[in-house]
Amino acid sequence: MIQDVYLGILIVSFGSLVGSYGMVLFKKASGEISNIFKLIINYKFILGAFLNFIGVLIFVYALRFGDLSTLYPMAGLNYVWVALFSKFLLKEKVNGYKWAGISMILLAVIFIGLGA
């Protein structure tokens, strides 16, 4: 049973990675539109929505392998992925306060994983 929980954590982590990249595509799409109607047909928006949906499906599948109280907090990794994607793909600034927050999220995820 313990291996199942860790498999669930791994699957949730992957799902959060996929969904977070969808958010990057939303950000890119937002810079290319002049009105809300053009957003609906923007391929980056559509792909971002698809990746977010796939991320949710992956998360729901992962629930088979562990308790919701263990796996749901792992979705907090979204903040970590988005910060990393923002820095390296979108060239956004990530200051010390954000890195401190990311460190706390990672520490919390580790403690929750160890307590599984």
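Guide: Rings of Phe, Tyr and Trp pair up if their centres lie within 6.5 Å, and planes over 60 degrees apart count as edge-to-face. Keep in mind that this is a predicted model.

Visitor: Okay, how many aromatic pairs does the structure hold?
Guide: A pair of aromatic rings is described by the distance of the centres and the angle of the planes. Going by the ring centres, with the cut-off of 6.5 Å, the number of aromatic pairs in the structure is four.

Visitor: What kind of pair do Phe59 and Tyr72 make?
Guide: Their ring centres are 6.0 Å apart, and the planes sit at 75 degrees. An angle over 60 degrees is what the label calls for. So the pair of Phe59 and Tyr72 is edge-to-face.

Visitor: Where in the chain do Phe59 and Tyr72 sit, and how many residues apart are they?
Guide: Phe59 belongs to helix H3 (residues 43-62), while Tyr72 is in the loop between helix H4 (68-71) and helix H5 (77-88). The pair links distant parts of the chain, and the separation is 13 residues.

Visitor: How do the buried residues of H3 fall when seen down its axis?
Guide: The buried residues in H3 are Lys44, Gly48, Leu51, Gly55, Ile58, Phe59 and Ala62. Seen down the axis, they line one face of the helix, because they fall within an arc of 100 degrees.

Visitor: And which side chain reaches the backbone nitrogen of Lys44 at the start of H3?
Guide: Here a side-chain oxygen comes to within 2.8 Å of that nitrogen. A polar contact needs N or O atoms within 3.5 Å. The side chain belongs to Asn42.

Visitor: Is Ser13 buried or exposed, and what does it touch?
Guide: Ser13 is found in helix H1 (residues 2-30), and its relative accessible area of 15% makes it buried. A polar atom of its side chain lies 2.8 Å from the backbone oxygen of Ile9. Leaving aside residues up to four places away in sequence, Ser13 touches Leu77 and Trp81.

Visitor: Which ring does Lys87 lie over?
Guide: Lys87 is 5.7 Å from the ring centre, and the cut-off is within 6 Å. The ring is that of Phe88.

Visitor: Last one: what does the secondary structure of the chain come to?
Guide: From the N terminus on, the elements run α-α-α-α-α-α. The C-alpha atoms fill a box of roughly 50 × 35 × 15 Å along the principal axes. Of the 116 residues, 34% count as buried. The secondary structure comes to six helices and zero strands.

Methods:
Residues numbered from 1 in each chain as written. Predicted model: local features only at pLDDT ≥ 70, side-chain atom pairs only at ≥ 80, totals over all residues. Heavy atoms only, no water. Phe/Tyr/Trp six-rings, centres within 6.5 Å; stacked < 30°, edge-to-face > 60°. Helix = DSSP H or I, 4+ residues; strand = E, 2+ residues; numbered from the N terminus. Lys NZ or Arg CZ within 6 Å of the ring centre and 35° of its normal. Buried < 20%, exposed > 50% of the residue type's maximum accessible area, 1.4 Å probe, protein only. Arc of directions from axis to C-beta. Polar contact = N/O pair within 3.5 Å; in protein donor to acceptor, adjacent residues only side chain to side chain. Contact = heavy atoms within 4.5 Å.
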